Amino acid sequence: MNFSSLDLAPVLQQAIDACGYKKMTPIQQQAIVVARRGRDVLASAQTGTGKTAAFAVPILQQMLNKPKETAPGTPRALILTPTRELAEQLATNIANYAQFTDISVTALYGGVKLGGQASKLKAGVDIVISTPGRLLEHMTLKNVELANVEFVVLDEADRMLDMGFIADVRQMLAQITSAHQTLLFSATISPTVNELAHKLLKNHQEIRATQLNSAADTVQHVMYPVSEEDKIRLFKTLLAEQNWYQVLVFTSTKEQADKLMAALKTSKIDAAVCHADKSQGARRRAIADFKSAKLQVLIATEVAARGLDIQGLDHVVNYNLPYLPEDYVHRIGRTGRAGQQGNAISFVSREEERTVERIERLINCKIKRISRPDFAFSSRESLLKTVRKHSKNSRTNKASQTVIRMDKSATKTKPKAKPKAKRTSK
Ligand code: AMP
């Protein structure tokens, strides 16, 4: 279904044409029609599905239907999102969709001074996109007043719940006294998201554009069993052999990110790190350099990379598996975007094997295992089988001591083999 069939305001259609969108993505097909009628929506859509236009287009269309003077400190639409990067990204995209209208858009987030944001709010902004904490600060300072908000979007609601923002969010939304439409978007629909939806939404329509909690089906999932200490070597080997153009790497900790960064630097690979210890400026520069393809590798921790929209990203590497299977879905949302083919590559240590099963259950798909003799894969798998067999036996014949010894010997790695090929430069 094409956007042109929606009969949108010409200024909106013109912007969509300028963005190069023709066909709607599945979430857009379902959400736009319902939301432009003013109905509350609960939508399950992960990053990369075109969800921003799915909520922004119907809001912009309704704002254009009922034009209003922009008034100081009283936005018409409020979009709450968990991280600064996501707030910036949403603001850029929505400003694009609104580029031929008089509707103004601004992003508010922490880590930068309040003054500049306060001046913009006082001058008058129609659509405010904010992280919860920063909005609360502006509300306390009376820079913004929510009483007359007409449209509310909770973006990545599951993440806001995980990050403990929801009490603040509910407190802020309670300030809205006018009738308003609420659109709740979440990559995963957990019982807590459902509970939140029932508290915040009225007579809502539920939309599930993708299979529940599934990862984008344009993504190929593979995993390499590898010991923790061999992960850097595996990463460099794959980078060289498979000649990845650009890759986003997720690590669980800042320390792992820094360690990998140091190793890549030694090999003269263009890379940068994006984690919470880096200043906002450094993070922004790293993302900009990665987006403009100056960097081949961007290493990021979960929170720092939340919702990153990097066009045409072919490869996402999970240097570590995330603790929560839902986070796997979030992470790999950076690849296989808007119909393009992507690759999600996970490095799995023995300790992470159990998480694989949980992820496979969630995405309802078996992740392809790639055996690398030079990374001690085969011995590991056969040992795992033995360990499982023994642990079954141990329940009946109390052979748990043997299991423990087997487990320890399994952690021994083979002597390191040299990478087969060097990365060919582009
Ligand atoms: P989002 O999920 O909103 O972050 O969007 C993911 C990416 O898809 C962004 O780069 C959008 O510009 C792009 N996009 C959104 N909708 C469409 C569409 N209908 N056709 C092509 N690209 C789109």
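Gln13 is a residue of helix H1. The structure discussed here is a predicted model. With a relative accessible area of 16%, Gln13 falls below the 20% limit and is therefore buried. Not counting residues up to four places away in sequence, Gln13 touches Phe3, Ser4 and Leu8. A further relation concerns Val57: Gln13 and Val57 are 44 residues apart in sequence, while their C-alpha atoms are 9.6 Å apart in space.

### The two faces of helix H1

Helix H1 spans residues 10–19, and its buried residues are Leu12, Gln13, Ala15 and Ile16. These four lie on the same side of H1, because they cover an arc of only 160 degrees around the axis. An α-helix has 3.6 residues a turn, so residues three or four places apart point the same way. The face of H1 turned away from the buried side carries the exposed residues Pro10 and Ala18.

What covers the buried side? Among the elements that cover the buried residues of H1 are helix H3 (51–65) and helix H4 (84–97). After H1 comes Gly20, which has a positive phi, near 85 degrees.

UniProt, in an unreviewed entry, places the feature "short sequence motif: Q motif" at residues 1–29.

### Thr131 in a loop

Thr131 belongs to the loop between strand S4 (127–130) and helix H6 (132–140). Leaving aside neighbours within four places in sequence, the residues in contact with Thr131 are Leu80, Thr81, Pro82, Thr83, Arg84, Leu108, Tyr109 and Gly110.

### Salt bridges

The structure holds 21 salt bridges.

| Salt bridge | N to O distance | Relative accessible areas |
|---|---|---|
| Arg284 and Glu88 | 3.1 Å | Arg284 39%, Glu88 22% |
| Glu206 and Arg208 | 2.7 Å | Glu206 37%, Arg208 37% |
| Asp374 and Arg372 | 2.9 Å | Asp374 13%, Arg372 9% |

The side chains of Arg284 and Glu88 meet in a salt bridge.

In the bridge between Glu206 and Arg208, Glu206 is partly exposed and Arg208 is partly exposed. The bridge between Asp374 and Arg372 joins a buried aspartate, Asp374, to a buried arginine, Arg372. Elsewhere, salt bridges that share partners join Lys51, Asp155 and Glu156 into one network.

### Strand S8 and its partners

Strand S8 covers residues 219–225 and is mostly covered, six of its seven residues being buried. Which strands pair with S8? Strand S13 (residues 342–348) runs parallel to S8 and is joined to it by seven bridges. In this pairing, His221 has Ala344 of S13 as its bridge partner. Strand S14 (residues 368–369) also runs parallel to S8, and two bridges join these strands. Here the bridge partner of Val222 is Lys368 in S14.

### Cysteines

How many disulfides does the model contain? With a limit of 2.5 Å between cysteine sulfur atoms, the count comes to zero. Two cysteines may be described individually. Cys19 is partly exposed, with a relative accessible area of 27%, whereas Cys274 counts as buried at 0% relative accessibility. Cys19 falls within the residue range of helix H1, 10–19.

Notes
Residues are numbered from 1 along each chain as its sequence is written. This is a predicted model: local features need pLDDT of at least 70, side-chain atom pairs count only at pLDDT 80 or more; totals for chains, interfaces and linings use all residues. Side-chain values use heavy atoms; hydrogens and water are left out. Buried means under 20% relative accessible area, exposed over 50%, partly exposed in between (1.4 Å probe, protein chains only). The arc is that of the directions from the helix axis to the C-beta atoms. Contact means heavy atoms within 4.5 Å. UniProt positions are given in the numbering used here, feature names are shortened, and annotations may be inferred rather than shown by experiment. A salt bridge is a side-chain nitrogen of Lys or Arg within 4 Å of a carboxyl oxygen of Asp or Glu. Two strands pair if DSSP finds at least two bridges between them.
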